[in-house]
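Open the model in your viewer and keep the selection tool at hand. The stops below are meant to be taken in order.

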Amino acid sequence: MVPAWLAQNPRATPPLKFGREQRFVVNPDGIAALGEMLKECPRHAPTPLYALPALAERLGVGELRVKDESQRFGFGAFKALGGVIAVYDVLAGAVGQPSFADIMNGKHRQMTSRFVFATASSGNHGRSVAAGAKLFGNRCVIFLPKFTSVDKEAAIRARGAEVIRIDGDYDTAVAECRRQSQAKGWTIISDTSWEGYDAVPRSVMRGYCVLAQEAIEQWGEAPTHVFVQAGVGGLAAAVIGHLWAVLSERPTFIVVEPRSADCWFQSNRAGKPAFASGNADTMMGGLACREISPVTWPVVGLAADWFMTIEENDVLPARHLLAHPAGGDPAIASGPSGCAGLAGLMCVSAEPAAFAALKLGGNARVLLINSEGNLGEPTP
Ligand SMILES: Cc1ncc(COP(=O)(O)O)c(C=O)c1O
């Protein structure tokens, strides 16, 4: 019997086909070219994919690789990809698909300067949208929930954005962002979708796909297992969707969430989008979501193989292992949400029934994503 914190997806029964419904969410076409175009941005380079053989041995798996997004854009999180691309997509759509460089250099200023961008964020996505707006010279307003750290707020302000603090959680910040943006004519760059609003979140996920593409190019081999942490599910949809679409053999995908913000775990159980069972009061701020992004359902809801939850006290040991590796593995700085995939793998490897159910072992090649570095939260 698998433990109560691990649940199989009854809908993900092979043979699963990456079809039209999935392609609408995450389209693998043009992702390699997008990676090339990003090179026009200052400070952009692919992030490293580290091999951690000593940790792999300790956890009982054949190979373990960590895609280190703490180094993305010199920015500290994978989110840099989503917000910047989505802001570009809106401006490019308005102007008629010019290059990144042209918009950055103000060639279409007359047309592009009228856009004011807004989003709600627990911190990282807001920084990314702020960075995109700054890159292209637009005004930007970010709605932050109560729990976002002062360091994250400072990092957003440092990118020239205005910040509006909301006396509530992430979902309350989303609602307030929608209300004010509609009243003021601002363009919302949200990483989560809702009824009638999915084009921008799909742009955001298109940006995230770049990291999945880089990982397979860097590894040269396909992973057999991918542990991916989820908030609303945008990262999971991009990683699952892109790898599923481009690899000849589909890896086993395991979605990891904090127990108090288990909206995907509960949605899997319900067979449709459902609320988290807790109040999303978690130190894993990037994952502190009570609702999934509904547009991602055909990828994550239909095709993630397993869903699991982790506890708050699983975080520090995972961060510590990454920061202070044994046996010559590289040291990796991670934040509480960044190390959640590893925390999930550690829980599974400590529980024989879970380990066996996931078919982990000496032949497994496991991919993890360190989705953020330790911005404002020093490594333990
Ligand atoms: C560091 C980090 N990891 C993972 C996630 C989860 O991404 P998503 O909300 O797309 O599931 C977030 C979201 O903000 C994040 O900031």
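The tour goes from the ligand to the cavity around it and then to a pocket.

This is a predicted model, in which local features need pLDDT of at least 70 and side-chain atom pairs count only at pLDDT 80 or more, while totals for chains, interfaces and linings use all residues. Residues are numbered from 1 along each chain as its sequence is written, and side-chain values use heavy atoms, with hydrogens and water left out.

**Stop 1: the ligand**

Next, show the polar contacts (pairs of N or O atoms within 3.5 Å). A backbone N or O atom of Val232 is 3.0 Å from a ligand oxygen atom, and a backbone N or O atom of Gly234 also lies 3.0 Å from an oxygen atom of the ligand. At Ser371, a polar side-chain atom lies 2.7 Å from a nitrogen atom of the ligand. Taken alone, the ligand exposes 390 Å², and the protein buries 98% of that (Shrake-Rupley areas with a 1.4 Å probe).

**Stop 2: the largest cavity**

Which space does the ligand take? It is the largest cavity, a molecule being placed there if more than half of its atoms lie within 2 Å of the grid points. A cavity is a set of points on a 1 Å grid over the protein atoms alone where a 1.4 Å probe fits but cannot get out, and lining residues have an atom within 4 Å of a point. The volume, that of probe spheres set on the points, is about 280 Å³.

Select Phe78, Lys79, Asp191, Gly231 and Gly286, which lie nearest the centre among the 24 lining residues. Then colour helices H7 (124–136) and H11 (234–246), each of which supplies at least two lining residues; helices are DSSP runs of H or I, at least four residues long. H11 gives the largest share, three residues.

**Stop 3: the largest pocket**

Now move to the largest pocket, of about 310 Å³. A pocket is an open set of points with protein on both sides within 12 Å along at least five of seven lines. Among its lining residues are Cys41, Phe73, Leu135 and Arg159. Helix H4 (79–95) and H7 each supply at least two, and H7 has the largest share, four residues. The lining divides into eight nonpolar, one polar and three charged residues.

Note on methods
A polar contact is a pair of N or O atoms within 3.5 Å; within protein, one must be able to donate a hydrogen and the other to accept it, and residues adjacent in sequence count only if both atoms are side-chain atoms. Ala, Val, Leu, Ile, Met, Phe, Trp, Tyr, Cys and Pro count as nonpolar, Asp, Glu, Lys and Arg as charged, and the others, Gly among them, as polar.
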